[in-house]
Amino acid sequence: MVQGSPFVVVANRLPVDEVTDDTPSSRTSGGRRWRPSPGGLVTALHPVLAEHKGTWIGWSGTPGPAPDPFEVDGIKLVPMSLSEDEVERYYEGQSNATIWPLYHDNVEPPIFRRRWRDTYREVNRRYAAAAAKVAAPGATVWVQDYQLQLVPAMLREQRPDLLIGFFLHIPFPPIELFMQLPQRAEVLRGLLGADLVGFQQRLGAQNFLRLSKHLLGTPYSGSTLEYEGRKVKAEAFPISIDFAEMQRLADNPLVRERAKQIRAELGDPKTVILGVDRLDYTKGIEHRLKAFRELLADGKLSVPESVMVQVATPSRERVEHYQALRVKVEREVGRINGDFGKVGVPAVHYLHQSYSRSELAALYCAADVMMVTPLRDGMNLVAKEYVAARAENGGALVLSEFAGAAGELRQAFLCNPHDLDGVKDALMRAVTVDEGEARRRMSIMQRHLRKHDVAAWASEFLDSLAEIGGTEKNRL
Ligand code: GDG
């Protein structure tokens, strides 16, 4: 008789990647090999999962039949299968072409397709069934993100004994936008299946409480609403990074050496301006390129004294919005380099590639100015990583007011990415800030992040959930 796990994480993806080469650190399962994929979420949850023999349910990242459950570093992994069609409809379609743009202020028009939402429902049902199967009586189940919003209610229906938490990593939109979703009541009821619904920002939690009242007439007081005779709490838990890990990387002599080398390879400019994002239309990559181009045209910045490095990690490449964005960004980069580059010195070094954590840390160390200019972003971990990597080095962060991180990183050079003059002004202030002032700002932000790291985030959420569960400290 299988006893089940007292703690279960349900996420779209498993925290591992399949490897096809002979990487020595890979683990095998049914002839397939896996390597842990380092990420904030798994780092934060690993201690809880390992201590309580936890289980993580998610997709392996490859379409087709799922491998058998296996273990990595003391955590049981239960792979879910997704067919090619399901990847197209549930993941690329409903999740990334409908919900993603809608929840990010309709930055691109969301596409609504009935087939996509039917598949989204079916896949959510399968994830919920897997969780119902592995969870021990009275277990805590933590469901992650916008791909799985129906899971909490589906799970509660099968397993009312469970304590269910949900965390949304992206913004939760205002009522007027959410109401466009053809599946709106179903999604809302899905989320209301949880005991605790966590958001990145207070605004998201308020939008959710107001929406529930508007759409379902559920009364609320403070952060708690009543739904079908139960209490559901909606609160903000701003996610963070593994601060110590990034600081350790940035302190590593090899990484420091690499940072020097990067600057030398860029021609030892006075100012290195950096952007690191998934190539996503919410990240405001074009807006920052335009600001840089205009500053070059105005003569306020010039090549080779100032150069920009833009890492645009390939992302969701089969989704149309993303293909169109790539064309626009690459056209803008070409235009800037054509107008302002010199032989052997492009103005913008554009890198449509993925890098290792240590190469990213070296880039952070090499950059005088970091530009994070999303039009809307749940949090933005890149902004936090840059701050963590700067140690005693100063450096300046230009940060959009529309990133969740702006609520905490108040010493950044804040800007409205829609206001081009405002972005230019913030960038110039960051480029010209004196060293003492830059260090002062950086150290205040570092102090904040050292305390509010990803482990603190996970334990705040889980403590709050346990409190709702009504048992002492932790039900786990
Ligand atoms: C969603 C929400 C929220 C990027 N390129 C490479 C690479 N990265 C890493 C960064 C960072 C992460 O990916 C990106 O996180 P962000 O927070 O910036 O953005 P999203 O991917 O949109 O994440 C966001 C987040 O969820 C967490 O809740 O903050 O608002 O949209 O850690 O360093 N990592 C490596 N190579 C790369 O080339 N290794």
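Biologist: At what angle do helix 10 (residues 285–297) and helix 14 (residues 420–432) pack?

Modeller: In this predicted model, the angle is about 70°, and the axes are 9 Å apart.

Biologist: What makes helix 10 and helix 14 roughly perpendicular to each other?

Modeller: Angles of 65 to 115 degrees count as roughly perpendicular. The helices pack at about 70°, and helix 10 and helix 14 are therefore roughly perpendicular.

Biologist: Which residues make that contact of helix 10 and helix 14?

Modeller: Helix 10 gives H287, K290, A291, E294 and L295, and helix 14 gives L420, V423, K424, L427 and M428. By class, six are nonpolar, one is polar and three are charged.

Biologist: Why is helix 2 called roughly perpendicular to helix 3?

Modeller: The axes of helix 2 (residues 84–103) and helix 3 (residues 114–134) cross at roughly 110° and come within 8 Å. The range for roughly perpendicular is 65 to 115 degrees, so helix 2 is roughly perpendicular to helix 3. Residues in this contact include R89, Y90 and Q94 of helix 2 and W116, Y120 and Y127 of helix 3. The contact has seven nonpolar, six polar and six charged residues.

Biologist: Which residues of helix 8 (residues 243–251) are buried?

Modeller: F243, M246, Q247, L249 and A250 are buried, a word used for under 20% relative accessible area.

Biologist: How do you know that they are on the same side of helix 8?

Modeller: They cover an arc of only 160° around the axis, which puts them on the same side of helix 8.

Biologist: Which helices do the buried residues of helix 8 pack against?

Modeller: They pack against helix 9 (253–265), helix 12 (357–366), helix 13 (381–389) and helix 15 (435–451).

Terms used:
Residues numbered from 1 in each chain as written. Predicted model: local features only at pLDDT ≥ 70, side-chain atom pairs only at ≥ 80, totals over all residues. Heavy atoms only, no water. Buried < 20%, exposed > 50% of the residue type's maximum accessible area, 1.4 Å probe, protein only. Helix = DSSP H or I, 4+ residues; strand = E, 2+ residues; numbered from the N terminus. Arc of directions from axis to C-beta. Contact = heavy atoms within 4.5 Å. Axes fitted to C-alpha atoms, helices over the stretch in contact; angles between N-to-C directions. Parallel < 35°, antiparallel > 145°, perpendicular 65-115°, else oblique. Nonpolar A, V, L, I, M, F, W, Y, C, P; charged D, E, K, R; others polar.
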